[in-house]
Amino acid sequence: MKKQVTLGVEGLTELEAYLTQYEKAIQTTRKKVVEDLCQTGEALLAEYSPIEDHELKSSTTHRVAHQGSVSRGEIYQTAPHAPFVEFGTGVVGKANPHKEHQSYGWAYDTNSHGNEGWYYYDADRGNVRWTKGQVASAQHLKTAVDLRSVVKKVAKERLQKEVKS
C-alpha cells in the first residue's frame, strides 16, 4: 500500500487522484467486510446451533444495510425459541447461566417450576416431553466471539485487494 509521489503540480494531481481512489477503496472495503462477516457469521451460527434443532438452524439468516458512511450487519435466527436455546431455561439454565444473560435481562425459571419441571409438546418428535430446562447453547455469543477475532484480518485483506484493483 506504499505509494511514492513526486511533489509539484503534476505530483499533487497524482496524489489527489490516488487519495480519491483510496477513499473509494475504503468505502467499498467497509461494505464488503460487513457482507463477508455476515455470511461467515450466518454459517457459524447455524453450525453452533444444536444439531437436532433443524427449525433453529434453518431459521438462521442475516441482513446488511449501508447508509452513508455506516454499514450495519445483523445475524439472527427467526425461530421463536431461539432466545431460549441461546440463554437456557429453567433450573438447569439457572445452574449453568449464559455469560451475558444479565446484560439482556434474561431470567431463569420465570414460572417457578423449580425441580418439578414442566411438560411441553415437542413438534419435531411428535410427543409430549418433560424437562427442568436446558443449559445455554450460546450459539450467538460463540459466533460473535469468533467474528471479533477475525475482523481486523478480514478488513486488512479486503482493503489490500481493493487498493490493488
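Which residues form a nonpolar patch on the surface? The legends below begin with that view. This is a predicted model, in which local features need pLDDT of at least 70, side-chain atom pairs count only at pLDDT 80 or more, and totals for chains, interfaces and linings use all residues. Residues are numbered from 1 along each chain as its sequence is written, and side-chain values use heavy atoms, with hydrogens and water left out.

View 1. The patch is formed by Tyr119, Tyr121, Val128 and Trp130, which together have about 540 Å² of accessible area. Areas come from the Shrake-Rupley method with a 1.4 Å probe, and for residues only the protein chains shown count as cover. Patches are made of residues with over 30% relative accessible area and no salt bridge; like charges are joined within 9 Å, and nonpolar side chains (Val, Leu, Ile, Met, Phe, Trp, Tyr) within 5 Å. A salt bridge is a side-chain nitrogen of Lys or Arg within 4 Å of a carboxyl oxygen of Asp or Glu. At least two residues of the patch come from each of β3 (118-122) and β4 (127-131). Strands (E, at least two residues) and helices (H or I, at least four) are DSSP runs, numbered from the N terminus. Val128 belongs to β4 and is exposed, because its relative accessible area is 58%; exposed means over 50%, buried under 20%, and partly exposed in between (1.4 Å probe, protein chains only).

View 2. Tyr119 stands opposite Trp130 of β4. There are 4 residues between the strands, and Gly126 in this hairpin has a positive phi near 70°.

**View 3. The hairpin of β1 and β2.** Strands β1 (residues 60-67) and β2 (residues 70-77) are antiparallel and pair over 8 bridges. Arg63 has Glu74 in β2 as its bridge partner. With 2 residues between the strands, this hairpin includes Gly68, whose phi is positive and near 60°.

**View 4. Helix α5 and its kink.** Helix α5 (residues 139-164) has 26 residues and spans 37 Å from first C-alpha to last, close to the 38 Å expected. The expected span is 1.5 Å times one less than the number of residues. A kink of about 45° is centred on Val150, the bend at a residue being the angle between axes fitted to the seven residues ending there and the seven starting there. Gln139, Thr143, Leu147, Arg158, Leu159, Glu162 and Val163 are the buried residues of α5. Val163 is 140 residues from Glu23 in sequence, with 9.4 Å between their C-alpha atoms. Glu23 is in helix α1 (residues 9-48) and counts as partly exposed because its relative accessibility is 48%.

**View 5. Loop residues with positive phi.** Most residues other than glycine have a negative phi. Asp109 has a positive phi, near 50°, and is found in the loop between α4 (90-95) and β3. With a relative accessible area of 17%, Asp109 is buried. Ala138 has a positive phi near 60° and lies in the loop between β5 (133-134) and α5. Ala138 is buried, at 12% relative accessible area.

View 6. Ser49 is found between α1 and α2 (54-58). This serine is buried, because its relative accessible area is 2%. Ser49 and Thr60 are 11 residues apart in sequence and 9.3 Å apart in space, C-alpha to C-alpha.

Key
Two strands pair if DSSP finds at least two bridges between them.
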